[in-house]
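Biologist: I am new to this structure. Please show me how to read it, one feature at a time.

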Amino acid sequence: MGLNKSDMTLLIVVAILALGAPFILNPFPVDSGMAQFNAGYPDLMQRFVIFGILAIGFNILFGLTGYLSFGHAAFLGVGSYAAVWMFKLLSYNVLPAIALSVVVAGLFSVLIGYVSLRRSGIYFSILTLAFAQMSFALAYSVLSNPKFNLTNGETGLQVYAGDPQIFHREGLPDVPHLFGIAMRDNFLELKMGGWEFTFNNGYYLCAIIMLVVFYLAIRLFRSPFGLMLRAVKSNQNRLNYTGLNPKPYTLAAFIISGMYAGLAGGLLASMDPLAGAERMQWTASGEIVLMTILGGAGTLIGPVLGAGFIKYFENIFSKINDNVLHQWFAFMPDGMEDFMVFIVHPFVGKGWHLTLGILFMLVVTFLPGGLVEGGQRIANLFRNRGKKKGDDDSYKPDPEHHPKETPHVAE
Amino acid sequence: MTKMDLTRRGVLKTTAAAGAGLALPTMFTSSAHAVTNDPMGGTVTLGFNVPQTGPYADEGADELRAYELAVEHLNGGGDGGMLNTFSSKVLDGTGILGKKVEYVTGDTQTKSDAARASAKSMIEKDGAIMITGGSSSGVAIAVQGLCQEAGVIFMAGLTHSNDTTGKDRKANGFRHFFNGYMSGAALAPVLKNLYGDDRKAYHLTADYTWGWTQQESIAAATEALGWETVNNVLTPLASTDFSSYIAPVLNSGADVLVLNHYGGNMVNSLTNAVQFGLREKEVNGKNFEIVVPLFSRLMARGAGENIKGIVGSTNWHWSLQDEGSKAFVKSFGEKYGFPPSQAAHTCYVQTLLYADAVTRANSFAPCDVAAALEGFEFDGMGNGKTLYRAEDHQCFKDVLVVKGKENPQSEFDLLEVVEVTPAAQVTYEPNHPMFGGDEASLGECNNGA
């Protein structure tokens, strides 16, 4: 497959994780108190891989060229809208929807990239942010007026019974499907002892697509083109002096990255046929940046980990309420129980942002290389056991960062 | 560079293997039960999906309190609240159909995407049989659509847009709260009495679905009185300063300003309008007036002094003196120490109505529950006689017209009821053009799989 040994191992590990997710994410029996922390239900698993795709794509731009885009959510949103329009006009089959979402997001990123890439550093970030907020405002109100309703505004674009759906036939499911296989259905529900594992059609479609684009990203990272992008990141001036024009390379990276985001948007709509404008809001763009930095910018697996981390907090921690807390601490004496609930309360439920914020700060402070660096440190700890002390310099934050660390934001 | 070898034989082989792999698992597809999340054990799980962060977090927190109170009452705890005043007597404090009521909560973040993700996790992971909540119409419509697809019942919380039971109505979705059309129809006669039938109105409207339907409804109702609509200006939802929108009002010749804003928007625009001295102005020989079609106590608190004397409509207010309202305010007040908001009221009532419908239908199947709710008439829930109309799943009941109190006694005593508009006056045809016309349909009810 054109991969070296370590990359092949990485791909295989990711494949095992992705395909075995229903088992891996459901480690606790359904009736146990810990079942709250199970993440192996279809919707969240789909989100893990879809936002993983988004972060992989973002990393191609940010991790390789150092251009920090603050408007990537716009491509996600455009992809979603394109996909839902395909559902409305053609049929609920997801293939044309996903294809169009990639194409439209690609075209959209040519437009935004051409303008934004005239500047670098902070100015580039501001330009992309401005474009994304513009797209959000357009989608939220301007393009949803009753006379010309492209986005359906606040409610979000969805499929109505009156839509043409010219290829829809009797017998096909009335939800997004792949040649009749409904995305929302599970092909297998395993009950083993106290455990329950759900195998969802939509999830496996997303997981397979994720593996394909992950493979493409590895190839891109290791290609001469990828090397060129790294050169842009390490010193753009030097590149200019050698007579090379970096613009086509950065624009290509921007477009590829936009298409990844569009693909993620199309998949989101295919799993749940509704496209809301808030997908394009600046907070959504910021979330993508957080995912990448949290996981480890410039590494292959980091962004996927970061995406999973954030989505896990958003969906699991936000659902822990006082009622659940009281059940957890029920074994304690009354006063003690109330005290523990009082202590934990601000960090769960509506406080999930707070917990995430604290963890983000800790990671950035102590593990500048993100979760990947944490993993490497642990691995090194095991590897160095038995060796003498003082071997610590064998640790490298990121093998890609030679000869020396370069700033993540292009200057 | 690449080492990929593609031969025709290899590709065929791989494709065949992949195809077989994909086809194999479908043989094991099981259809164990006919109803999504049909409760099998001794408990039944309800999903409370409210905004805990974002602009409507206050409303969300109050809704959650109401839900917890409702669950307590359904399970036989507390003083029973409205169970004692509800005209239907099938609920006896032993849960729903003998199953203890449990609940899960989630954060909608007032975003339709996040709300759907949260509702999906309740359905897929926690086995919720009914989803309720929502503090904005966009979210309510999005989650209602999801519940329709997934085959569970959706009991809408605070959602005021005509669309929820208009063009976006769904067979599995039900709304107890009133809507924009009802606000307009209830306000119009009161406005006529207070301000006369020869007025020129200027509208400032939040630029999204709810704002438009609200403006459309109010303009239609006041124009029927003989008022003239001078102008309608759409304001971006994210605005915090409305001064630039207020200044032109003074030169437009209008003598009434209608603020089709909600939440923080309304607090800011009203404050700006008062700061510009609009209320002291005299135009066309009449006092300048400001109208806020949808009021809530939480908004009134935000607007402070500026709310005094401003007229608007509301679904329910805690100072009502009927038995149902008194019982609810008493048990809510005892548990939390302050009176409930209208959002809390509608959420509490929706939970009880659902439990009652399940019990009368003797089934958790959404289609049976829907049939029990359709055309259901009840009383004793704080709004007088109420009908759940079968055609669009909208409740029809009296609407309160309220005014900001001049001399509030406490921080909760901010609104006084000017008039109770009878239900007959706010009733409309199910195929009313503002509600999607003849095209709007509930579709088929869905029991899920």
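Modeller: Start with handedness: a crossing is left-handed if the near helix is turned anticlockwise from the far one by less than a right angle, and right-handed if clockwise. Helices (H or I, at least four residues) and strands (E, at least two) are DSSP runs, numbered from the N terminus. Here, H5(A) passes H10(A) in a right-handed crossing.

Biologist: Before we go on, what kind of model is this?

Modeller: This is a predicted model: local features need pLDDT of at least 70, side-chain atom pairs count only at pLDDT 80 or more, and totals for chains, interfaces and linings use all residues. Residues are numbered from 1 along each chain as its sequence is written, while chains are lettered from A and ligands numbered from 1 in the order in which they are written.

Biologist: At roughly what angle do the axes of H5 and H10 of chain A cross?

Modeller: Axes are lines fitted to C-alpha atoms, for helices over the stretch in contact, and angles run from 0 to 180 degrees between N-to-C directions. Helix H5 (residues 94-116) and helix H10 (residues 247-271) of chain A cross at roughly 145°, and their axes come within 7 Å. The residues of this contact divide into 17 nonpolar, nine polar and no charged. Ala, Val, Leu, Ile, Met, Phe, Trp, Tyr, Cys and Pro count as nonpolar, Asp, Glu, Lys and Arg as charged, and the others, Gly among them, as polar.

Biologist: How many residues of chain A are in contact with chain B?

Modeller: Two residues are in contact if their C-beta atoms, placed from the backbone, lie within 7 Å. By that rule, 34 residues of chain A are in contact with 39 residues of chain B. On the chain A side, the largest share, four residues, comes from H3(A). That side divides into eleven nonpolar, 14 polar and nine charged residues.

Biologist: Which domains does chain B have?

Modeller: Domain bounds come from an automatic or database domain assignment. For chain B it gives domain 1 (43-178 + 318-397) and domain 2 (181-314). Their C-alpha centres lie 30 Å apart. In contact are 13 residues of domain 1 of chain B and 14 residues of domain 2 of chain B.

Biologist: Which residues have the most contacts inside the largest nonpolar core?

Modeller: Such a core is a set of buried Ala, Val, Leu, Ile, Met, Phe, Trp, Tyr and Cys residues joined through C-beta atoms within 7 Å. Buried means 20 or more other C-beta atoms within 10 Å of a residue's own. The largest core has 231 residues, and A:Leu54, A:Tyr260, A:Ala264, B:Val143 and B:Leu257 have the most contacts inside it. H3(A) gives the largest share of this core, 15 residues.

Conventions: A residue is buried if 20 or more other C-beta atoms lie within 10 Å of its own, exposed if 12 or fewer, and partly exposed in between; C-beta atoms are placed from the backbone.
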